[in-house]
Amino acid sequence: MRKVTFPHMGHSYIAFKMAMEEMGNEVIIPPRPGKETLDLGVKYAPEFACLPYKVLLGTYLQTVAKGMDTIVTSGGVGPCRAGHYAHLHQAILHNLGYNVNLICFEPPKRHPIDFYRKVQSLNNAKLSISSIIKLLKRGWHKLKALDHMEKLSHQIRPRELKRGTTSKVYLQAQRWLDEARTHTEIKVAEAEGVKAFNDIPQDSERKVIKVGLVGEIYVLLEPASNLEIEETLGHMGVEVERSLFLTGWTVDNLQKNTEELMTVTEAAQPYLPELIGGHGRDTIGHTVIYGKRKFDGVIQIAPFTCIPEIVARTILPKVSKLHDIPVLTFFLDEQTGKAGMVTRLEAFVDLLKRKKQNISISQTATTLN
Amino acid sequence: MTIKVGIPKTLFYYNYYPMIETFFDELGVEVVTSDSTSRKVIDAGVREALADACVPIKVFFGHVQTIKDKVDYLFIPRVVCLNKKTIYCPKFLALSDMIKHSLDGLPEIIDNRIDVRGNHFAVWKTFYHIGKRFSNSKCKIFKAYLKAKGNLSKYQDLVKEGYLPSVAMTILKNNNSKQKMSHNYSLRFAVLGYPYIVYDNYVSVNLLTKLNHLGVETVTLEQLPDTWVNKANTMLPKDMFWTFSDKVLRSSYHFFEHGGVDGIIHLTAFGCGPDSMVDKYMELKSKQYPDIPFMSVTIDEHSGEAGLATRLEAFVDMVKRKKEADVNA
């Protein structure tokens, strides 16, 4: 039996675990990236590789110690470096004497046969094609339900009466969804989750500011790599809207062009007409859209040396000025400490709150006159 | 007064300048290049560019700043793909956008896009669009384009013969007979890296000259026959996406497998994204070929002469001793 692992990217492991197990593989669940993960990754990764690369290498080294023999991950067609990461990970692991297999999924639109072969090589339970499709649909359903839970947590956390309730409910909802295996069970678990979120005592009077979160996909989706920025912001009374979810990203990569992607590309057109890989153009586009939707601010998070995000960051000040939306950028690396980040966030949130107050004061002043 | 077009003396300069210069000359447009990289240029770049950007981008920002007030146009084309296979680094693809949205007081930017994938005569079409700004005669633009192309291949031939870009450009310009290059070198190193680092004497802290003084002949990427580079098989499951990186990696594999040099130096810039991968692959490969010493040198905006000189001397000494030992054995 293959012992597989895959990158730990937020809660998505819950859905991947189900799919892999039902295809007849033993899953070594990737641990939540922590200090040990990063230390291992930093030790063996190239110095200027970005944070996700180091986190993933650390994850693989941790799971290989538990007997993992196959890595399942996604590739890419550039020009972002991430497209090469899987193969370099494998080369480094080989060099360290770990003979691991790599199953790296490329976009099925470009390489349909390759995609099919790779799915089959994971299919140790000898499922029929139709049951694989059914399984993938179920995994998809689960992923969507998980994303739904996360969105609710973003909305409710800033309004909760007792600090920490939302995070607890969110964890509980993840567990329910983890146990759910059929469509009906997933639906029931999702409904339970929604109910639990709605039951959280909330302060409807509280003035909540709204911030858009943009940037590179891995650090956006993995709370351990962004030092739980969403939770931290939530506790400061900030409602976060994240620009990327795994389900949304997958749809963008599988289908032709979704409406959302089109609007984002269009919004970025005046600033960055070229596709530069990663999520550089999306970062610009989303910031423009958040500006038009009158958000209070935007926070960009990206790994240190991330090429597309550096390009985006160079252009963002102009976007920020023209659309009158404050932007704060964090480049994360293995040295980033949580205390420093919290201080910067507090200062940013204070500024946003004051700006909002000033606007409302001047508005009331004009109406009174 | 003639129209002036400014060309920053970095990035693509070392590969394509003779072509661009001839093209604009033929159209009666004056070409102005920025000065060679200096402390002043780098400081200007560091001030304006993002702190997290790589050194070459900071240098580019510096060059643009020193030249922007002296010209009517800035030439920063969007070069996407020139060989139907590999593209350029994402920062190259968005060069003009980064400049446009972060510097003030810029002249008009010529940022036509060149992508030869699925587009016949794409290079000519781009040159035609550029030329239209300065001339109404398609025939004149075409002639200029042909002459520019001819000049580029002459230049590339000169570089292949072993001349450095700066020397090759002077020879091309003055039509002087080539000086005979006769030196007695005891060692031969491959210095692999991107042209805008290797040939920029200030950025590379005179690495090539330093090696020559130590009695080492240097071979650079542009001096290798294309067939070698293209034939070299990296045996990687995926080719590098980026043109320069792909060439550097392939040529390093060629040298590791076929020899022909006493040592390999990988010259890279601080914060270079693609190089983080290229360098690791080279390092892994070098472990399989312990006969050829390999060193990777990272330069940044504060690289000092002394530090680099010491490292080079140590490396050269080591290679020399190893060679003597091999001869005696």
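How many helices and how many strands does the secondary structure of chain B come to? This is a predicted model, and in it chain B comes to 14 helices and ten strands. With a radius of gyration of 20 Å, close to the 20 Å that the globule rule gives for 329 residues, chain B is as compact as a globular protein of that length. Of the contacts in chain B with a separation of 6 or more, 72% are between residues 24 or more positions apart.

Let us walk through two sheets of chain B. One is an open sheet of four strands in the order β2-β1-β3-β5, with parallel pairing. Its edges are held by β2 (30–33) and β5 (108–110) of chain B, and each has a single partner strand, so one side of each is left without a neighbour in the sheet. From one strand to the next, the twist averages 30 degrees. Strand β3 (residues 73–75) of chain B is joined to β5(B) by three bridges, and the two run parallel. To find this pairing in the viewer, look for Tyr73(B), which stands opposite Glu108(B) in β5(B). Across β1 (4–7), β2 and β3 of chain B lies helix α1 (residues 13–26) of chain B, running at about 175 degrees to β1(B).

The other is also an open sheet of four strands with parallel pairing, in the order β8-β7-β9-β10 of chain B. Here the edge strands are β8 (216–220) and β10 (294–299) of chain B, each pairing on one side only. Neighbouring strands of this sheet are turned by 25 degrees against each other on average, direction ignored. Five bridges connect strand β7 (residues 187–193) of chain B with β8(B), and these strands run parallel. Within this pair, Arg188(B) has Glu217(B) in β8(B) as its bridge partner. Helix α13(B) packs on the sheet, where it touches β9 (263–269) and β10 of chain B, and its direction makes about 160 degrees with that of β9(B).

Now for the partner chain. Chain A has 15 helices and eight strands. Its radius of gyration is 21 Å, close to the 21 Å that the globule rule gives for 369 residues, so chain A is as compact as a globular protein of that length. The C-alpha trace of chain A spans about 75 × 45 × 40 Å along its principal axes, and 46% of its 369 residues are buried.

How do the two chains meet? In total, 28 residues of chain B are in contact with 32 residues of chain A. On the chain B side, the elements giving two or more residues are α4 (90–93), α5 (95–102) and α13 (273–288). The largest share, seven residues, comes from α13(B), the helix that also packs on β9 and β10 of chain B. By type, this side of chain B divides into 16 nonpolar, five polar and seven charged residues.

Finally, look inside. The largest nonpolar core has 183 residues, and those with the most contacts inside it are Ile284(A), Ile301(A), Ile315(A) and Phe23(B). Helix α3 (residues 51–64) of chain A gives the largest share of this core, eight residues.

Technical notes:
Residues are numbered from 1 along each chain as its sequence is written. Chains are lettered from A and ligands numbered from 1 in the order in which they are written. This is a predicted model: local features need pLDDT of at least 70, side-chain atom pairs count only at pLDDT 80 or more; totals for chains, interfaces and linings use all residues. Two residues are in contact if their C-beta atoms, placed from the backbone, lie within 7 Å. Ala, Val, Leu, Ile, Met, Phe, Trp, Tyr, Cys and Pro count as nonpolar, Asp, Glu, Lys and Arg as charged, and the others, Gly among them, as polar. A nonpolar core is a set of buried Ala, Val, Leu, Ile, Met, Phe, Trp, Tyr and Cys residues joined through C-beta atoms within 7 Å. A residue is buried if 20 or more other C-beta atoms lie within 10 Å of its own, exposed if 12 or fewer, and partly exposed in between; C-beta atoms are placed from the backbone. Two strands pair if DSSP finds at least two bridges between them. Axes are lines fitted to C-alpha atoms, for helices over the stretch in contact, and angles run from 0 to 180 degrees between N-to-C directions. The radius of gyration is taken over C-alpha atoms; the globule rule is 2.2 Å times the number of residues to the power 0.38.
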